[in-house]
Structure formats: C-alpha cells, structure tokens
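Colleague: I'd like to learn how to read a few features in a model like this. Can you walk me through them?

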Amino acid sequence: MKHGIHFFDCSVLSTAIQDFTAVIKEDPSNAQARLYRGRAYAKQQQYKNAVQDLAAAVHLDPSCWLAFYHRGCILRQINPKKAVQDFSVSVLINDTQENFGSFLHRGIVYSEKCQWSLAICDFESVLALNSSVIFAYLNIGLILLLHLHQYDEAIQQFTKAIEIDPLNVRAYICRAQAYHKICNLPNAVKDISRAIHLYPNKSQLCILRGQYLMEMKKYELASLCIHQLAEMDEESFKHQPVQQALIQSFCQNHDKAMECLHEATETQSEPSLFVALGKVQMKAKKTKDALRSFNNAMKLLMTSAKKIPHTFEAAEVHYLTGLCHLEQKGLLQACDAFSVAIRLHSNYPDAFCQRGLCRMQLRQDKCVRDFNRALALCPSHFQAYMGRAAYYGSKGRYSKAILNCNEAIKILPNSVRAYFYRGTLKYQNKTYKAAIEDLSKTIDLDKTCTLAYYNRAVCYHQIKDFRKALKDYGIILLLELNKEVALKLFINRGLLYMELGDYANACEDFKEATLITPEDSQLFQAIGICYHRLCEFEEAVRSFDQVLKLDPLSVDAYIGRGNSYMEKGHEAGCKQAQKDFVRAIHLNPKCVKARVCLGYNLQAFGNLQRAWRQFTVAICMDPKCHAAYDGRASVCLQMGETFAAYQDTNAALKLTTTSRLLTNRGVINQLMGHLSCARKDYQQAISVDPNYALAYLNTANIYFHNRQFSQAYCYYSKVLQLDPGNESAVLNRAITNTFLNNTEEAKEDFEKAVWLCPFSAAVYVNRANFYNKVRQYELAEKDISTALSIQPSDALMYKFRADIRAKLGFNKEAIEDYKQAISIQEQIYSM
C-alpha cells in the first residue's frame with residue numbers, strides 16, 4: 001500500500017494502479033486502496049473505472065469524505081445533480097479548511113445551473129475557510145456583475161482578488177468591466193491599462209481600452225489604441241480589407257479606409273465589399289459616392305433573371321440607399337427605398353422606423369403605422385418610440401407623446417434627446433414644474449446643451465421664478481451660441497426684465513438683439529417702450545423714429561412716439577404728439593388706443609369737447625375699454641359734470657378693479673359731498689393695492705377734514721413710508737401734529753416740508769401758525785414775512801402778521817399790516 005501511495009504521489013500512475021490492484025485482490029474491503037486507485041484512474045481520464053472504485057470506497061467507508069469529493073468532481077459535467085449530492089455529503093463529513101474544494105466545486109455547479117445565491121454562499125464558505133482563494137473572489141464578482149447587476153459589490157470582490165495577487169490579469173479585466181457598468185470610465189481605463197501592461201500582446205484588451213476612451217470622448221487616445229491594434233496584427237489585416245477599413249474608419253481616416261476598399265473591389269467583386277465601401281462613404285459625407293457603391297452591390301446581388309433576391313443582405317442595401325436619399329432631403333426616394341427593403345425582408349424594424357420618419361416629414365398620418373410595426377418587431381426600438389412621440393407631439397397630443405418618451409427612456413435611461421424632448425412636451429402641456437425636472441436631467445447628462453438651459457429658463461419664467469430664469473439665461477451666454485438661440489435669448493430675457501420693471505437691463509438686451517437682426521422693427525419698438533418707462537423721452541423718440549423708418553405704417557410706433565412727446569411736457573411736443581396720434585388713427589381708424597391717447601392730448605390743450613368726443617368714439621368701438629371710460633370721466637370732471645364722471649368711473653370699475661379707478665371714484669364722491677362713500681372707495685383701493693400711496697393720502701385728508709387727527713396722522717405716516725417725498729403728506733402731517741400737540745414731530749415735518757417746497761407760501765404760513773401756537777412769535781413773524789414775499793397780495797396773511805406783530809409789541813408795524821390788509825380787501829370788493 002505504501003509502495004503504491006509513493007508512486008501515486010510521484011505521478012507514476014500505472015505502477016501505482018498495479019500496486020493498489022494487488023492490495024485489493026488480497027483485501028477486497030480495503031477502502032483506502034479503492035480510493036487511491038479511483039483517483040489514479042481519474043488522473044488517467046479512465047472515468048468509468050474511477051467512478052466504480054470511488055463508489056466502492058464510499059460503500060466500504062461511508063465516512064470517507066475524499067471519495068465523495070473526487071466522485072463529485074468526476075460527475076460534475078455528466079451528472080451535476082449527483083455531483084452536488086456528493087459534494088454536500090463530503091462537506092457534511094468534513095467542513096474544515098482541508099475540504100474547501102468541495103464548497104468550491106459545488107459553487108461552480110450551482111453557477112452552471114444559474115442558482116446564483118447558492119453559488120455565492122459556497123464561494124463565501126471557501127473564503128471563510130481559505131481567504132487566499134482568488135478563484136472564489138472572481139466567481140462571486142462575476143455573478144454579481146453579469147447576473148445580479150450589483151456592480152459596486154462586484155468591484156469589491158475583484159479588488160480583494162487583486163490585493164491577494166496584484167498580477168492577476170483576469171481580475172483587472174473584470175473590475176474594468178464593472179467600472180464601465182457604473183460609468184466610472186477613468187477607473188475602467190486604468191484597470192484595462194494595467195491588464196495591457198501585464199499582457200501587451202492581447203489585442204482584445206486594446207479594443208476594450210479604445211472603446212472606453214471613445215465613451216470618454218478622448219478620441220485621440222482611442223485612435224491610438226486602434227493604431228496599436230493594427231500594428232499588433234498588421235499581417236493578418238492585409239488579407240482582411242473590411243477589417244482594415246473599419247479600423248481606419250474608426251480612426252476617422254475615411255480616405256484611407258475608402259482607398260483600402262477600392263483596392264479590394266478591383267480584385268474581388270463581392271457585394272459585401274461594396275456595402276462596406278458605401279458605409280464608409282456615408283461616414284465621410286460622400287453620399288453620392290455611397291449611392292453608387294450600393295447600386296453596384298445591388299447589381300451583384302441580382303439573379304440571372306434580373307430579380308432582386310428576398311434576402312436580408314439585399315434589404316440592407318436598399319435600407320442604406322434610403323438613408324442616403326434622406327441625407328440628400330429626397331424624402332420620396334428615401335420612402336420608396338425603405339419600402340423595397342421592407343418588401344424584401346418583412347421583419348426589418350429599422351426600415352419601418354425610417355420610413356415612418358419620412359412619412360412624418362411628408363405629413364402622412366400613416367407614418368404612425370410604421371412606428372407601430374417597428375415596435376411590434378422590436379419592442380426595445382428607441383428611435384421608433386421617439387418618432388412616435390414626435391408624431392403625437394406635432395398633433396398636439398402631448399400626453400400620448402410623453403408616454404412614448406417614457407418608454408424610450410426605459411430603453412436608454414441616459415438619453416439626452418429623450419429627456420429634452422419630454423421636457424419640451426411637458427412645457428407644451430403647461431406642466432412647467434415637470435418640464436423643469438426633465439430639462440434639469442438633460443443638463444445633468446449634458447452640461448453644454450444650450451437648448452435645455454434655454455427651455456428651462458422659459459419654464460422658470462412661466463412659473464414666475466425669475467431669479468432662476470435669469471441664471472439660466474446667463475449660463476447660456478457663457479456657452480457657444482448660434483444666432484437663432486442668441487436672438488431668442490435676448491428677446492426673452494428682455495421681456496423678463498420688463499416684467500420685473502427693470503427697463504434698463506431690458507433695453508440693453510433688446511439692443512443686443514438688434515445687432516443680430518437690425519431690420520426687426522419690433523425690437524426698436526420694445527427699446528422705445530423701455531426708454532419711455534425710464535423717462536428718457538428723447539431716446540424713446542429716436543427709437544420710435546427707427547421703427548417708422550423700417551415700418552412706416554406702424555400704428556404702435558406712432559402711438560409710442562406720441563406718448564413720448566407728451567411726456568416732455570412742452571407745447572411743441574404736445575402738438576407733435578397730436579400729429580402722431582392723428583396719423584395712427586388715419587392708418588387704423590379702429591385703433592382704440594390711438595383715440596384714447598388723442599383724447600388725453602386734446603384734454604391737455606383744453607379742447608374738452610373734442611377730447612370727450614374721442615373717448616366716446618373709443619367706447620363705441622370697444623365697450624370694454626376701461627381706459628376710455630376713465631379718460632372721459634376725467635374730462636367730465638373737468639367740465640363740471642360730476643355725476644357723468646361718476647357714471648363713467650363706475651363703468652370702468654365694472655370692467656376692471658384697480659386702486660387708481662377706486663381712488664378716482666372716491667375723489668368724485670368727495671366732490672359730491674359723499675365723504676363716507678369716498679372713504680369706502682379709498683379703503684377698497686388700499687385692499688386692492690396696499691402700496692397705493694394716493695389712496696392713503698385721500699383717506700387721511702377725509703379724517704383730517706372730520707378732525708379725526710389721530711387717524712389722519714396714521715394714514716399720513718403710511719403715505720410717507722410709501723412715498724417719502726410726498727409734499728402734501730409732509731405738510732398735512734405737520735399740521736396734524738400741531739393739532740395733536742406733537743410739537744417736536746410737527747417741527748421736524750415743517751422743516752422737511754420747507755426743504756421739499758422752499759417757494760410754497762402755504763408751508764411758511766402753516767409753520768408760522770405753529771410757531772404762533774407755541775408762542776415763538778419771532779419765528780412766526782419771520783415765516784409769515786417769507787410767505788408774503790412769495791405771495792404779496794394776500795389780505796389774510798397781512799392780518800395774521802399784524803396779529804403776531806401786535807403780540808411782539810410792534811404796534812406801528814401791526815397797524816401798517818392791518819391797513820394793507822384792508823386796502824387789498826377793498827380792491828377785491830371794488831372789482
């Protein structure tokens with residue numbers, strides 16, 4: 001027995017088998033001899049004899065774990081189920097490190113039977129017994145990578161294998177593929193580079209590295225990989241022109257690729273060579289040459305009866321021909337070519353999809369049938385879903401189009417095009433927040449997608465998130481722009497600034513837009529409006545002049561220029577404005593806006609009857625024009641027709657409720673003596689616009705008139721919060737403080753009033769009255785004297801100064817002031 005074991009260990013198997021056979025003849029129940037002879041037979045690939053001996057060993061010694069293990073190894077390929085049983089019995093008998101092989105082999109069997117979780121358990125058991133078994137790490141990693149899609153966990157397993165054996169090429173390759181799955185391309189390239197360093201002549205590794213570099217858009221390095229591959233296998237490529245051409249085409253050396261294929265076609269007239277040549281010519285944008293190549297291929301494919309064979313190769317040639325026609329905008333020819341391809345090979349999803357796209361551009365509704373057919377043949381056809389989405393989008397069926405984009409995204413989860421188009425569809429569907437999410441995803445995938453930023457800015461504009469909209473517009477300006485996008489950007493951002501009331505920035509954007517399209521009159525119209533709002537009326541007039549040079553029949557330009565002339569305030573400007581409004585009416589007699597502006601112009605000249613007539617005509621043309629009612633109300637009020645003004649203001653308020661109109665009606669009620677109604681109107685105006693200062697001022701005046709000074713004080717203070725430079729509010733609050741005995745506040749308000757209106761006699765008179773009340777007669781006498789220097793013909797002010805001078809003991813001067821007051825009064829009576 002010892003003799004046989006010695007020869008077995010020395011791999012002298014024939015001698016060992018003879019020795020073990022001799023032992024078995026003497027002692028047929030010797031399990032150890034059966035075990036060793038079975039193992040020897042297995043090494044000599046005499047598997048039948050080996051299984052018989054191992055079975056006998058198991059029968060003679062049921063606790064012999066080695067017999068079960070070795071029989072399981074032999075049966076692993078021919079009877080996996082029985083092999084699993086043997087490995088399982090073996091580990092039941094001995095589950096120590098000595099028997100980790102049973103776990104390992106059983107794990108391999110489970111892997112072959114696709115029982116991944118059981119396989120992983122066995123490989124983990126192997127590692128628990130012997131942590132240096134690289135094979136176990138690799139197998140766990142491969143199961144996680146290829147079947148369970150747990151890429152991060154797979155990377156951990158491959159990393160452990162590399163830590164044990166830093167020269168294991170397979171571990172580097174597997175980890176590179178796992179990194180590629182999670183889009184960690186830099187690490188994938190590093191691992192493949194290490195593998196190439198270990199095996200520099202492995203061409204497949206160069207191909208993988210080139211692929212990863214291409215995906216990283218490092219085209220020069222990818223090209224270098226392909227060149228290295230070509231050099232590595234240069235001899236073999238000489239007899240494979242198609243392969244050589246593909247490599248040159250991959251390197252963007254289209255001329256070399258075409259040259260290679262041209263040489264091949266001269267010696268071999270095969271359809272496949274002409275097809276390959278046509279494909280390269282298509283890549284090189286030589287569409288006409290490609291068509292000739294495909295025609296040559298088709299001639300070679302034709303049978304002796306001049307019939308096109310019903311093969312996929314012939315269908316592909318017609319499909320490629322259709323793509324060439326499509327590139328040349330020959331939609332009808334392309335459609336015919338795709339139809340022939342479908343007739344030759346009815347299960348051609350790409351041909352159906354492309355024919356659908358042609359038919360959609362030709363506005364044929366049956367295009368959707370082609371998309372449906374393509375998807376029936378290939379449910380994962382991304383282009384077909386996108387084509388169908390485009391069709392439904394063009395028909396305004398946005399929800400259905402979005403559903404198709406959803407399916408496309410399931411196929412390509414990182415498709416910039418799918419997310420972008422779905423975002424634009426959601427914008428069209430007015431679901432702006434959802435559109436923003438898709439456009440943001442588009443930007444995450446492609447940071448340089450200007451259209452995604454532009455559309456997201458438009459969405460932000462729609463939901464009034466102006467800050468984010470401006471940020472996106474700003475980002476676009478940092479990217480490379482074509483003129484069309486730049487023009488839309490400046491116009492949209494200008495409109496946004498106008499909405500924000502930032503007319504200065506809006507004006508600058510519209511100016512930038514005019515540099516791109518200097519003949520667009522609408523842009524100069526917008527610039528004129530901005531200058532008008534900025535009170536730069538000279539510039540506004542120049543902008544409207546430019547509009548009229550470009551479009552002499554622009555009614556809006558005449559109106560805009562007229563309003564700018566009006567704002568200048570001088571008579572010549574008002575006359576020029578009147579001419580512009582009249583021209584606008586001549587160009588469009590039904591232009592209500594022009595008539596309203598002319599009405600205000602005539603009112604400014606005091607032509608109240610003519611102004612009333614223009615407002616009335618405007619109302620007849622458009623009974624819903626609240627501006628016309630408001631204008632006629634102001635004319636009626638000026639003519640003394642208070643009730644008519646009241647009726648027109650009510651009519652305007654039925655059309656629109658604004659703080660200004662409510663305040664105007666309050667003023668009319670106040671003039672009619674209806675103070676409670678006036679106060680209600682002012683309160684309602686405040687509720688409509690809490691920042692409308694005039695409504696607060698008029699309310700304060702009513703309280704002041706009713707001697708409700710505390711309430712008046714509060715409202716005057718509110719006016720000054722909203723409009724710190726309001727002269728009336730400052731003076732009236734000063735007077736109110738006088739009545740409320742708020743001496744210091746009254747003094748401050750009077751000082752401010754004097755600063756705001758240094759030539760107003762009323763301010764000095766009221767401050768004199770205040771000083772008189774607090775017995776500061778010298779100051780009072782000084783202020784009333786100042787008031788008389790501004791307004792010298794006021795009898796009451798002379799009397800007031802006489803009273804103050806009497807208090808100061810200036811009797812002589814007081815008598816003179818009394819006499820002057822009587823003299824002025826007599827002159828008034830005599831008149």
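This is a predicted model: local features need pLDDT of at least 70, side-chain atom pairs count only at pLDDT 80 or more; totals for chains, interfaces and linings use all residues.

Colleague: Okay, helices. At what angle do H47 and H48 pack?

Modeller: In general, two packed helices are described by the angle between their axes and the distance between the axes. Axes here are lines fitted to C-alpha atoms, for helices over the stretch in contact, and angles run from 0 to 180 degrees between N-to-C directions. Helices are DSSP runs (H or I, at least four residues), numbered from the N terminus. Helix H47 (residues 777–790) packs on helix H48 (residues 795–808) at about 155°, and their axes are 10 Å apart. That makes H47 roughly antiparallel to H48 (under 35 degrees is roughly parallel, over 145 roughly antiparallel, 65 to 115 roughly perpendicular, the rest oblique).

Colleague: Which residues of H47 and H48 make the contact?

Modeller: Contact means heavy atoms within 4.5 Å. On the H47 side they include Tyr777, Ile784 and Leu788, and on the H48 side Met797, Phe800 and Ile804 are among them. By class, the contact of H47 with H48 has ten nonpolar, one polar and five charged residues (Ala, Val, Leu, Ile, Met, Phe, Trp, Tyr, Cys and Pro count as nonpolar, Asp, Glu, Lys and Arg as charged, the others, Gly among them, as polar).

Colleague: And how far apart are the axes of H24 and H25?

Modeller: Those of helix H24 (residues 382–394) and helix H25 (residues 398–411) are 8 Å apart, at an angle of about 165°. H24 and H25 are therefore roughly antiparallel. Their contact includes Phe382 and Tyr385 of H24 along with Cys405 and Ile411 of H25. Sorted by class, the residues where H24 meets H25 are ten nonpolar, two polar and three charged.

Colleague: Now cysteines. How many disulfides are there?

Modeller: A disulfide is a covalent bond between the sulfur atoms of two cysteines. The rule here asks for a pair of cysteine sulfur atoms within 2.5 Å, and the count comes to zero. Cysteine 335 is in no disulfide, and its nearest cysteine sulfur, in cysteine 358, is 5.5 Å away. For cysteine 459, the closest cysteine sulfur belongs to cysteine 449 at 13 Å, too far for a bond.

Colleague: Is cysteine 459 buried or exposed?

Modeller: Cysteine 459 is buried, with a relative accessible area of 0%; buried means under 20%, exposed over 50%, partly exposed in between (1.4 Å probe, protein chains only). Cysteine 335 counts as buried too, at 8%.

Colleague: What does arginine 456 touch?

Modeller: Arginine 456 is found in helix H28 (residues 450–462) and is buried at 12% relative accessible area. Leaving out residues up to four places away in sequence, arginine 456 touches Ile436, Leu439, Ser440, Ile443 and Asp472.

Colleague: Last one: where is asparagine 741, and what is its phi?

Modeller: Most residues other than glycine have a negative phi. Asparagine 741, although not a glycine, has a positive phi of about 65°. Asparagine 741 sits in the loop between helix H44 (727–739) and helix H45 (743–756), and is exposed at 55% relative accessible area. Histidine 149 also has a positive phi, about 55°, and lies in the loop between helix H9 (134–146) and helix H10 (151–164).

Definitions and conventions. Residues are numbered from 1 along each chain as its sequence is written. Side-chain values use heavy atoms; hydrogens and water are left out. Helices (H or I, at least four residues) and strands (E, at least two) are DSSP runs, numbered from the N terminus.
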